[in-house]
Every structure is written in structure tokens, then in C-alpha cells.
Amino acid sequence: MKKITLIFAGIFSVFSINAQVTDTVSLGPSYVNGVYYSLENNDVHTVEAGNWDIAFTVSPMGSTIRTNGGHGVELYNYPNGDTSHWSTLDTSGISEWKKYYNSDSLWSKGAFSQTADGMFDLGWGKYSMITHYVTADSLFVIKLSDGSYKKLWIDRLASSVYYFKYADLDGSNEVLDTVAKADYINKSFGYYSLQNEVELDREPENTSWDLLFTKYGQAITPTYYMGVSGVLTNDGVSVSEVSGVHSEDADTSDASFSHSMTSIGYNWKKLDYATYQYSAVDSLTYFVKTKAGDIWKVVFTEFGGSSNGNVIFNKEKILNASSVDESNTFNLATFPNPATDYLNIVFHQGNADDLNVRVFNLSGSIVYSRNLSGVSG
């Protein structure tokens, strides 16, 4: 059994990782910006949030395609035929067609993947075990943020290149284009604007950011989807939400870490319908575990709404993944520093060894003892 022994005295003054820092991220008026944010390095990249329509995953084994649901893009899978109906596609009755949206929990399941049915059906096409290509079996109609419609055929994903074409509904202004994964090394997605007929390199390297402040599409109810302003987490980043407890007392002892991309989302703020002013939700704390394994405590304090899009929050690094033991399986931190009332002891281990935690005062008396069995994380 691994043993942890900690000795404290009087007013606790112990090692800490970082002091609490207040920061502001601005989405701009009407949420025109998307901001990629590193908890370690602050803002790393700001982009125009509404300048794209579809995004192609560029991960080696990925094939999903996302839509810009936060800025009004809507997707319909053509229900009256397959790819052989490209020239005769008819949108009669489109008001009754089902709309498809991105998953609000997984980056790897975009709107074009929502019709997937079976192991090799990827939604917009079928995967071949022989060629290792994905070949289209569906046509789509897409409504763009300016209200116009296009018909769209994602023809294939072959040798890490997406081939697709789109046109006005009557077949005019047809465009054939490609997006190659090789053009986006160390990125998550390659982006494309159907309105402007242009490919876009919008992202920083996917190891450089933890949070994306942006307007995104969210299913509010099973039948109601809308654009909301909030915070998405990078793939590989996880979050533990603690509510109903003052942020100074919050810890992760009774909460698990979620890998959902909307585990922070938009519910950290609330709107007063009498004044139409936003405020931060009280007693709500987020513990964010980065890809590197560091843990940050994040508390939102203000939101400026559509007038300026300012998000104000406090952050504090409470666990540094580099401070590990020789076996590279355990790390430990405490916060706040100094502590006069409550002290949080945070420890993380990479295996499920049994633990014995003992806290002594300077007189050698045990003030706390606990055995933990089969616990990792």
C-alpha cells in the first residue's frame, strides 16, 4: 500500500502551484469571434466565428464533417433519393424534412454523421475494407447563415483527401473542390465556406489550447436547437463541475470528470429577463484537467452578453502534472495558499494502487487518516 504523509501546523502555509488569476476573453459584439484559449498561456488564437459553413476532421482515421450550427447553418439529408439523383434533386416538402446537427458532446460526431447506421456506414458514406475509402451514398441540402440553400454531395474520402461538390438548388453555379488532411498537420479540422467558395485554415495547433470560447449549436430540447454562447473543451480535456458549493470550498471528491466537449457549455451564466443583463451563476466551479494532466480551478464571474461578448473568470492551477513521483504515477498539490480555514489536498495517480493518507500536526498527532482502495485519477 502506498502511503502519503503530510505535516501541517497553525496557519497553513504550504506549496501551491499558482496564485488565482482573473482573465477576460472577448467574443466581441454579437459574438463575432471564436477564441482558442490555453489555461497556461491565455489567448492563443482569435478567429471570425461565422466565416465557415462545414468542417472536415483531419485526424488520420476520422471522417466526420461538422456544420456551423452556432451561426445558423442547417443540414438536411435528401430523403427522396441517393447520389444518382443529383441532377433531379427536388426540395418540395423540405419544411417536413428532418434537420441534422452536430453532437453536442463529441467532436468526432458531426451533423453529416448523424445518419450512420452500422459499423461501416459513416452517415454521409460507406467505408470499404478493401480500398479504405469512404464513398458517398447520400445527398444533402444545406441552409447557409445568409438564408440561401445549396445542394451538396460529399463524393468520397480517398487517400486522406475529401472530394465534394455543391451547387444552387437548380444546379447552377456548381463547384467541385477538395480538402486534404495533409494541409492541416497538428490541427483538428479543415474548414470550408460554401458562401465564399474558399478553404480556411482557422485553428491553432491542437496541443496549444484547452478551451474554445465561441457561439455554437446546442440542442436545448429534443426538438429545439439554437446557437448559444459558451465554452467548449478541446478533445482530450476533461471537466469536473461542482455546484451548490462556494468556490472556496469546492473540490472534486464527489464528482467525476467528463470528456464531453460541452461539459462547461453555457449554463454558467443566467439572463435576467427583466433587465436583459447576464450574471454568473453562484456557487458553480469547474475543475479542468488539461491534456498534459494539469488541473485548473475555473470560476466564471461576469458575462457581458451580445453588447461586448466579454467573459470574465478566475483561474488557479491546483495540480501540476510534472510534479510526479519517480514511478511517474502520482502527483500532489494543495490550495489555497495560505489557508486559514480550509485546505484542499489534491492528489492524482495513474494506477489503482491502494492508498493510505495520513495528516499529522507538528506535535506528531494524526489529525486525519483515510484508506482508499482501487482508486485511480
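# Close-up views of a predicted model

**View 1. The largest cavity and its lining.** Sorted by class, the residues that line the largest cavity comprise 13 nonpolar, 10 polar and 4 charged ones, where Ala, Val, Leu, Ile, Met, Phe, Trp, Tyr, Cys and Pro count as nonpolar, Asp, Glu, Lys and Arg as charged, and the others, Gly among them, as polar. The model is a predicted one, in which local features need pLDDT of at least 70 and side-chain atom pairs count only at pLDDT 80 or more, while totals for chains, interfaces and linings use all residues. Residues are numbered from 1 along each chain as its sequence is written, and side-chain values use heavy atoms, with hydrogens and water left out. The structure holds 1 cavity of 30 Å³ or more, and the volume of the largest cavity is about 300 Å³. On a 1 Å grid over the protein atoms alone, a cavity is a set of points where a 1.4 Å probe fits but cannot get out, whereas a pocket is an open set with protein on both sides within 12 Å along at least five of seven lines, and lining residues have an atom within 4 Å of a point. Grid points are joined across faces, edges and corners, and a volume is the space filled by probe spheres set on the points. Of the 27 residues that line the largest cavity, Trp-52, Trp-107, Thr-214, Tyr-216 and Leu-232 lie nearest its centre. Two or more lining residues come from each of β3 (33–38), β6 (65–67), β15 (189–193), β17 (211–221) and β18 (224–233), and β17 gives the most, with 5 residues; strands (E, at least two residues) are DSSP runs, numbered from the N terminus.

**View 2. The second largest pocket.** This pocket has a volume of about 530 Å³. Its lining is made up of 35 residues, and those nearest the centre of the pocket are Thr-57, Ser-59, Trp-107, Ser-108 and Asp-235. By class, 14 nonpolar, 15 polar and 6 charged residues line the second largest pocket.

**View 3. Salt bridge between Asp-294 and Lys-317.** The side chains of these two residues meet at 3.5 Å, N to O, a salt bridge being a side-chain nitrogen of Lys or Arg within 4 Å of a carboxyl oxygen of Asp or Glu. Because Asp-294 lies in the loop between β22 (284–289) and β23 (295–303) and Lys-317 in strand β24 (residues 310–319), the pair ties together parts that are 23 residues apart in sequence. Asp-294 counts as buried at 10% relative accessibility, and Lys-317 is buried as well, with a relative accessible area of 6%; buried means under 20% relative accessible area, exposed over 50%, and partly exposed in between (1.4 Å probe, protein chains only). Glu-40 is linked with Asp-294 and Lys-317 in a network of salt bridges, and a search of the whole structure finds 7 salt bridges.

**View 4. Salt bridge between Lys-150 and Asp-168.** The closest N and O atoms of this salt bridge are 2.6 Å apart. Lys-150 belongs to strand β12 (residues 149–158) and Asp-168 to the loop between β13 (161–167) and β14 (175–180), so the pair ties together parts that are 18 residues apart in sequence. Lys-150, at 12% relative accessibility, counts as buried.

**View 5. Salt bridge between Lys-126 and Asp-137.** The side chains of Lys-126 and Asp-137 form a salt bridge at 3.7 Å, N to O. With Lys-126 in strand β9 and Asp-137 in the loop between β10 and β11 (140–143), the pair links distant parts of the chain, 11 residues apart. Lys-126 is partly exposed, with a relative accessible area of 41%, and Asp-137 is also partly exposed, at 27%.

**View 6. Two residues with positive phi.** Ser-160, a residue other than glycine, has a positive phi near 70 degrees. Ser-160 is found in the loop between β12 and β13, where it is partly exposed with a relative accessible area of 37%. Glu-197, although not a glycine, has a positive phi of about 55 degrees. Glu-197 lies in the loop between β15 and β16 and is partly exposed, with a relative accessible area of 45%.

**View 7. Glu-203 and Ser-188.** Glu-203 is found in the loop between β16 (198–200) and β17, and at 6% relative accessibility Glu-203 counts as buried. Glu-203 and Ser-188 are 15 residues apart in sequence, with their C-alpha atoms 7.7 Å apart in space.

Terms used
Helices (H or I, at least four residues) and strands (E, at least two) are DSSP runs, numbered from the N terminus.
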